[in-house]
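Let's take a walk through a protein model together.

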Amino acid sequence: MPSGRLLEDSKDFLKKIGINVKEPANRELISYENGYTFYFPRAFDVPVYVENGVDIGICGSDVVLERNNEVYIPLELPFGKCRMSIILPENREISFQKMEGYKIATKYPEITKNFFSEKGLKVKILKLNGAVELAAKTGIADAIVDIVDTGNTIKANNLKEAYKIMDISAVLLVNRITQKTKFDFINDLINKAKNYKNGVKGH
């Protein structure tokens, strides 16, 4: 289970397909309910757990692309919708094609590096773990690459969304061995998830 912004939507999604998630008590990180064991790492670590033995996980597609773990992704989920974008100070007008040599602050160095490399541009990437908006405000970075949802945070910091790199969604991850050894269980879960997703789209 991804801790943070996706947790409530993930719990709701699993409940809709017949799996009730019990959150751990106090500061514990594991819970048990109806034969299921639930783990609650940071969302950024979910693909690592799934690659290395946990059967199923949920996290954002941004995390999967950044971490590049060997996991099976059978389904995009109908929540966690946002986008990853290049963000600039609101008074700066420049296209990304002219960002050669720019310093880019981000929590997503691999995605950022790949994006600019594919465009044939060399940039310096500053890896940060939080509040990347501050890097643009203090001037240590020329631009930032980050997740944008409502856009309120960047507006509050006198920044603007200049270019969308990709759309983001929550995704279902499956351990590649589990996919084979527990095929019927996984297949049933995926079918229930698809039916729920289609139902959401139909509303």
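Predicted model: local features only at pLDDT ≥ 70, side-chain atom pairs only at ≥ 80, totals over all residues.

Residues are numbered from 1 along each chain as its sequence is written, and side-chain values use heavy atoms, with hydrogens and water left out.

Let's start with the largest pocket, which has a volume of about 670 Å³. A pocket here is an open set of points on a 1 Å grid over the protein atoms alone, where a 1.4 Å probe fits, with protein on both sides within 12 Å along at least five of seven lines; lining residues have an atom within 4 Å of a point. The volume is the space filled by probe spheres set on those points, which are joined across faces, edges and corners. In the largest pocket, 27 residues form the lining, and Arg5, Asp62, Lys107, Tyr108 and Ile147 lie nearest the centre. Helix 3 (61-67), strand 8 (143-148) and helix 6 (152-156) are the elements that each give two or more residues to this lining. Helices (H or I, at least four residues) and strands (E, at least two) are DSSP runs, numbered from the N terminus.

Now move to the second largest pocket, at about 430 Å³. It is lined by 19 residues, and Thr37, Phe38, Val54, Asp55 and Ile56 sit closest to its centre. Strand 2 gives the most to this lining, with 4 residues.

Is serine 10 buried or exposed? Serine 10 counts as buried because its relative accessible area is 0% (buried means under 20%, exposed over 50%, partly exposed in between, with a 1.4 Å probe and protein chains only). Its side chain reaches the backbone oxygen of leucine 6 at 2.7 Å. Apart from neighbours within four places in sequence, serine 10 is in contact (heavy atoms within 4.5 Å) with Met1, Pro2, Ile58 and Phe79.

Lysine 11 is in helix 1 too, and with a relative accessible area of 19% lysine 11 is buried. Its side chain makes a polar contact with the side chain of glutamate 23, at 2.5 Å. Such a contact is a pair of N or O atoms within 3.5 Å; within protein, one must be able to donate a hydrogen and the other to accept it, and residues adjacent in sequence count only if both atoms are side-chain atoms.
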